[in-house]
Structures are given as C-alpha cells and as structure tokens.
Amino acid sequence: MPESAPVYSRTLVSSGILGLDNVLVGGFTRGQLFLVEGVPGSGKTTLAMQFLINAAALGERVLYVTLSETARELRASAASHGWSLEGLHIRELTPGEDMLEPDEQTTMFHPPELELAATTKGVLEDVDRMKATCVVFDSLSELRLLAGSALRYRRQILALKQFFATRECTVVLLDDLTGTDRDLQVQSIAHGVLMLEQSTPLYGSERRRLRVVKYRGVPFRGGFHDYLIKHGGLVVFPRLVAAEHRQTTDGRKLGSNIPELDSLLGGGIEEGTSTLVVGAAGTGKSTLAAQFCAAAAARGEVSALWLFDENPSTLLSRCRGLGVGLDAGLESGMVSIQPVDPAELSPGELVHSIRDAVENRNAKVVVIDSLNGYLNAMPEEQFLIIQLHELLMYLSQKGVATIIIGAHQGLIGSTMNTPVDASYLADAVILLRYFEARGEVRQAISVVKKRGGEHERTVRELKLEKGQIRIGPILKEFRGVLTGVPVYEGGLGPTEKTTT
C-alpha cells in the first residue's frame, strides 16, 4: 500500500489476493459494483473464486452466479487449486439440455425478453433469500446477449447496481470481452474497473499483467502489475514505486577482503550504491561479485545473488577453486543463490523476489548476474532502463549495495559493446579487460567511475589462479591496455614487471 496515501473512511472487503489488495489500497469498497475484464484464460474466474472463498472464510454470505460455466466445472477448477467451496453458494443459470428440444426453438415471444427476465428474477430471489453480502456474476457476455440491445443492457446493469447498493452487497461482474463491438457502458457504471491482460511472447510462457482502469475516490496504484496463475490461485506483483521507500543511509563501505581491490574502490563498495562490473566473457565479473558476497557473509550480513546465465553449481565450483568462501555463506544462510530462467520469469516476479530478500531477510548485498539476462527476461525491451532505474533507486533507499554484471559483446578491441548502456545508472563502474602481452592472454581491472568518493585511477592486472584472486601492481609499462591491444613501453620484460 502506498505509504503516502491518505486514509479514507470506507469499509473494505479483501480481494483474497495480497498483491491485489496492495494495488487496490486495501481491497474492494463494500456495497459497490466492480467490473473485471479480460480475455478467456486471463484468470477472471480464478480471481472471483479467490474473492468469494476468502470472504466466506471471514463470515460473509457469498453467491457465485454462473451463466457460462457449470457448477461441476467450477468445482473442478477449485479442486485444481486445492480449494474447498464450503460456504460458497453457486447459482447455475446455464441453459439445460431441454433447450435442445425442437419445441423450445420457436415461440411467439422474443426469447431474450423471457430469458433475461427469468434470469434476473432468479438471481434477485437468491440474494434476498440468503441475504448475500458478496456476489459474482460470470459472465456479462451472456447478459449482453439476453438484453438484445445496448439500451436494454445498460438499463439492466443500472437496475442491478441499484438493487445491490440498497442491500450493501459487494458485486464483481466478469466480462470476457467476447462481444464483437465492445462498449464502455459498464465501465462508466461500475465503481471500479480491473483489466486483466494476457500475451504470448515469441518464446517462453504466457505473460499476464493487470491494470486498474478506474476506482472512484481511491488513490490506487496505477500502471501495469505482473501476475501469475499458479496452484493456489493468482499471485499479483505490485509495480515497484521507489519514491515510497525513501530513507537515509550512512554510506558505510563494504569491503571485499582483498586489500588491493578495496584500494582500487577507495575502501570498497558502499551501502546504498550500485556497482556495474562490465567486461568480456570469462574476465572474472561473477567471481568478483561472489567475493563481495562471501565477505559480507563473513561479517554476518546477508547477500543474495540472482543468476541468469550460469548454473549455481558451476559458480560454486569456480569459487572453491579460487578460495572464495561462498559455500560457508550458503551453509550459514547468509548467502542465497536463485537461478533465473528468463523465458519463464516476469520482471514483476523478479522485483518481488528481490524485495522479499531485502525486506524480509535484510539483505545488504544484491547481485544481478547479468544485465544481459535481465534484458532477455523483459517482454518489452524498451522499458528495461526505466524498470532498472526504479529497482536501483529502491535498493539505494533501502541501503543495499547492488552489483550488476554486464557482459560485453566481443572479447578484445574497441568494437566491444553492451546491449544496453546502464553505466550512467550505476554509482561505480568496474571495467575488466583482456589484453595480449608477448603471446599471453591476460586480464586487467580498473575503476572508471565512482560517485561521491575517491578511488584509484590506475589499471592493474587481475589474476585468477593458484587458488586465489590476485590484484597486481599498476601496469605502468603498458599503454592502451583498455583497448585490448596494448603497447609495451617498459624497460624490462612484462612478465617480471607485472608478477606479484
């Protein structure tokens, strides 16, 4: 719930979905009519059943009116989520098999007029008999067809709204948008409108997101919010708004336990800052990030890694060979590693898992490995920088030191580039490069940017060998190391001058 939102004097009914209640600033306003729109398969029925099941558990009298699905289908759907429909009354208004009889196909009256009147009368009688306080209509497409005309349809919805308002009944109308000419009449009548969207990327599973179109008198959380349909129902991931989490941090320096590396960084990375480690594949970016996590664990602080490109077992094996104590951190619970499948993860789910580590586990170091994998997890790549900026601002305000790994395309030379330039977002940038010297491929490290603090502006050799990470002396004998094709200008051989 937005921290700056004013308190409104309204009685609420929970939607039964924690993330959706957050978006709606508490839930549905009691005694009002709400519209949930979405194409078939977007989760409207699942949302409605969660709402009624939760309401029934809280002592509400609930009624599910189905005009499209049978009661048997609804029970099967509930069983697939492990739900019990005890306390939930189902009013089934689907046509019976007697409608297949030839005598039922012709009449001197217009069939919709008879069917609509009978349908409405049966529902209203049920509501009055059981004194229902929460009702779901599934779905409006059937009422629209029975009404026959737009005017009759609108008047019918207005009459239903007035009927339920006088009985302090909270109503959720479902609309599957199957009409050939979609209109906005019900949206204008409803107190609140929720839109569910479903899309299928070129590769990977479906992506679903929701948006509150309107909610009278409530400062709801706007924009799109990712959600999943999993066993147990809908899980909604509210859009992150960094401005709601403003707080001050002391900027404490977090060392790596490698004195030469900390010296390059002016004492280490700092709380509330983001560090971009960028370089070609294999230059040691993930290893350096793991070293900061191991150092945090040794101090008794929690760190969390999200791996897009590498198997956790591969990272752990490499860290063991270099003396990076990541295993000890995992055993103590100070380090967590979460592999990410970009084809299956939505951006909202990723942000939610990071927030969970920060707010519930008090993580002080967060690693996203890599920016390239994060880009591939985005269904709309043009919004990557905006979402990444919001995430980094949130982590900064929470006092978290964030490390982002960025892989260059290419290995050596001035043509290397990254798919997305995020260097301007980061507070510090560590650059790793391959360079060739006398027939040997070597690695160099330098800090090219660090906001708000002094740091070494030197280029040093980085060695990952003999069971440790070593930072060598300044490469004074070389010119053009960062280009990948240096020129040796020293008096002695490069091996003697750069070996520690």
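These legends describe close-up views of one predicted model.

Residues are numbered from 1 along each chain as its sequence is written, and side-chain values use heavy atoms, without hydrogens or water. Because the model is predicted, local features need pLDDT of at least 70 and side-chain atom pairs count only at pLDDT 80 or more, while totals for chains, interfaces and linings use all residues.

**Figure 1. The whole chain.** The protein chain has 15 helices and 24 strands. Both are DSSP runs, numbered from the N terminus: helices are H or I with at least four residues, strands are E with at least two. Of the 500 residues, 52% count as buried. Buried means under 20% relative accessible area, exposed over 50%, and partly exposed in between (1.4 Å probe, protein chains only). Among contacts in the chain with a separation of 6 or more, 70% join residues 24 or more positions apart. Contact means heavy atoms within 4.5 Å.

**Figure 2. Helix 5 against helix 6.** Helix 5 (residues 140–147) packs on helix 6 (residues 150–165) at an angle of about 125°, with the axes 8 Å apart. That angle makes helix 5 oblique to helix 6. Angles under 35 degrees count as roughly parallel, over 145 as roughly antiparallel, 65 to 115 as roughly perpendicular, and the rest as oblique. Axes are lines fitted to C-alpha atoms, for helices over the stretch in contact, and angles run from 0 to 180 degrees between N-to-C directions. The crossing is right-handed: the near helix is turned clockwise from the far one by less than a right angle. Helix 5 contributes Leu-140, Leu-143, Arg-144 and Ala-147 to the contact, and helix 6 contributes Arg-152, Tyr-153, Ile-157 and Leu-160. By class, the contact has six nonpolar, no polar and two charged residues.

**Figure 3. The buried face of helix 3.** Ala-71, Leu-74 and Ala-78 are the buried residues of helix 3 (residues 71–80). Seen down the helix axis, they fall within an arc of 60°, so they line one face. The arc is that of the directions from the helix axis to the C-beta atoms. These buried residues pack against helix 2 (44–57), strand 4 (62–66) and strand 5 (88–92). Arg-72 and Ala-79 are exposed on the other side of helix 3. Just after the helix, Gly-82 takes a positive phi of about 75°.

**Figure 4. The covered side of helix 10.** Pro-312, Leu-315, Leu-316 and Cys-319 are buried in helix 10 (residues 312–321). They cover an arc of only 95° around the axis, which puts them on the same side of the helix. Their cover includes helix 9 (285–298), strand 15 (302–307), helix 11 (326–332) and strand 16 (335–339). Gly-323 follows helix 10, with a positive phi near 75°.

**Figure 5. Three buried side chains in helices.** The contacts listed here leave aside neighbours within four places in sequence. Gln-50 sits in helix 2 and is buried at 10% relative accessible area. Gln-50 is in contact with Ser-15, Gly-16, Ile-17, Trp-83, Gly-232, Gly-233 and Leu-234. Asp-262 belongs to helix 8 (residues 259–264) and counts as buried at 14% relative accessibility. Contacts of Asp-262 are Gly-255, Ser-256, Asn-257, Gly-267, Gly-268 and Phe-292. Asp-262 and Glu-456 are 194 residues apart in sequence, yet 9.7 Å apart in space, C-alpha to C-alpha. Ser-353 lies in helix 12 (residues 347–361) and is buried, with a relative accessible area of 14%. Ser-353 is in contact with Trp-306 and Gln-338.

**Figure 6. Two cis peptide bonds.** The bond from Asp-138 to Ser-139 is cis, with omega near 10°. Ser-139 is placed in the loop between strand 6 (134–138) and helix 5. Another cis bond joins Asp-369 and Ser-370, with omega about 20°. Ser-370 is in the loop between strand 17 (363–369) and helix 13 (371–376).

Figure 7. Lys-131, a residue other than glycine, has a positive phi near 55°. Lys-131 is in the loop between helix 4 (111–130) and strand 6 and is exposed, at 56% relative accessible area. Glu-168 is not a glycine either, and has a positive phi of about 50°. Glu-168 lies in the loop between helix 6 and strand 7 (170–175). Glu-168 is partly exposed, with a relative accessible area of 48%.

Methods: Nonpolar A, V, L, I, M, F, W, Y, C, P; charged D, E, K, R; others polar.
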